[in-house]
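Colleague: Could you take me through one part of this model up close? I'd like to hear about the sheet and the aromatic rings that go with it.

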Amino acid sequence: LLVMATGTGKTRTTMGLIDLFIRANQARRVLFLADRDALVDQALTEGFKEHLPNEPRDRIFTYNIDRTKRLFVATLHTMGRCYQQFSPSFFDLIIFDEAHRSIFNRLGEVMNYFDARMIGLTATPARFVDRDTFRVFDCNDGKPTFLYDFDDAVREKMLVNFSLYKARTGFQRTGIRGVDLTEEARNTLT
């Protein structure tokens, strides 16, 4: 379980890990799973294409699975529908992006089905009775395998600290008066 503050390079770190696994002959096929299309596309283009350009890669769709590649990306929803089209040993390494929200409920079947090394990525691990990211990745002491938190990132100048600015809108200052509204706005509110 890798817990890294947003913006500190989870994607780049993951690509380095994948490269290491491939070069050490510890992974022939890798699967990167995310809960949203945007994250899957980012892994395929900004991740695999940019950092592992010589490795054959593809996106898995339920209707189109090219098993000749080495690097695969898919949404969890897609894999939830087609994971049984693969043998349990097909992937050697599986990465779960946004693991704090993506690996529970029905999608846990995907984790239990495959016999692969599994890495969870998140900036905000969950620790609830029914959704415990630490337990899923065998971090039973409540500590992730690797942690790079916001304070460390700010101290090392990877991120910039923030300060809150409290602003009040005109509505908050003066409230709503029917006489000041347009007829369309009055009709919408009634």
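Modeller: Two strands count as paired if DSSP finds at least two bridges between them. β3 and β4 (residues 71-75) have 3 bridges and run in the parallel sense. Keep in mind that this is a predicted model.

Zooming out, the pair belongs to an open sheet of 7 strands with parallel pairing, ordered β3-β4-β2-β5-β6-β1-β7. β3 (57-59) is an edge strand, and so is β7 (146-148), as each of them pairs on one side only. On average, neighbouring strands in this sheet are turned by 15° against each other, ignoring direction.

Now the helices. Helix α2 (residues 37-51) lies across β2, β3 and β4, and its direction is at about 165° to β4. Helix α1 (residues 10-23) also lies across β2 and β4, along with β1 (2-4), β5 (93-96) and β6 (117-122), and it runs at about 165° to β6.

Back to Phe 72, which leads us to the rings. Phe 72 is part of one aromatic cluster with Tyr 83, Phe 86, Phe 90, Phe 91, Tyr 113 and Phe 114.

The structure holds 11 aromatic pairs. Take Tyr 113 and Phe 114: their ring centres are 5.1 Å apart and their planes stand at 85°, so the pair is edge-to-face, the cut-off for that being over 60 degrees. Phe 114 is buried, at 5% relative accessible area, while Tyr 113 is partly exposed at 22%; buried means under 20%.

Another pair is Phe 150 with Phe 162, which is tilted, with 5.8 Å centre to centre and 55° between the planes. Phe 150 lies in helix α7 (residues 150-155) and Phe 162 in the loop between α7 and α8 (170-174), so this pair ties together parts that are 12 residues apart in sequence. As for accessibility, Phe 150 is partly exposed at 29%, and Phe 162 counts as exposed at 59%.

Definitions and conventions:
Residues numbered from 1 in each chain as written. Predicted model: local features only at pLDDT ≥ 70, side-chain atom pairs only at ≥ 80, totals over all residues. Heavy atoms only, no water. Phe/Tyr/Trp six-rings, centres within 6.5 Å; stacked < 30°, edge-to-face > 60°. Buried < 20%, exposed > 50% of the residue type's maximum accessible area, 1.4 Å probe, protein only. Helix = DSSP H or I, 4+ residues; strand = E, 2+ residues; numbered from the N terminus. Axes fitted to C-alpha atoms, helices over the stretch in contact; angles between N-to-C directions. Contact = heavy atoms within 4.5 Å.
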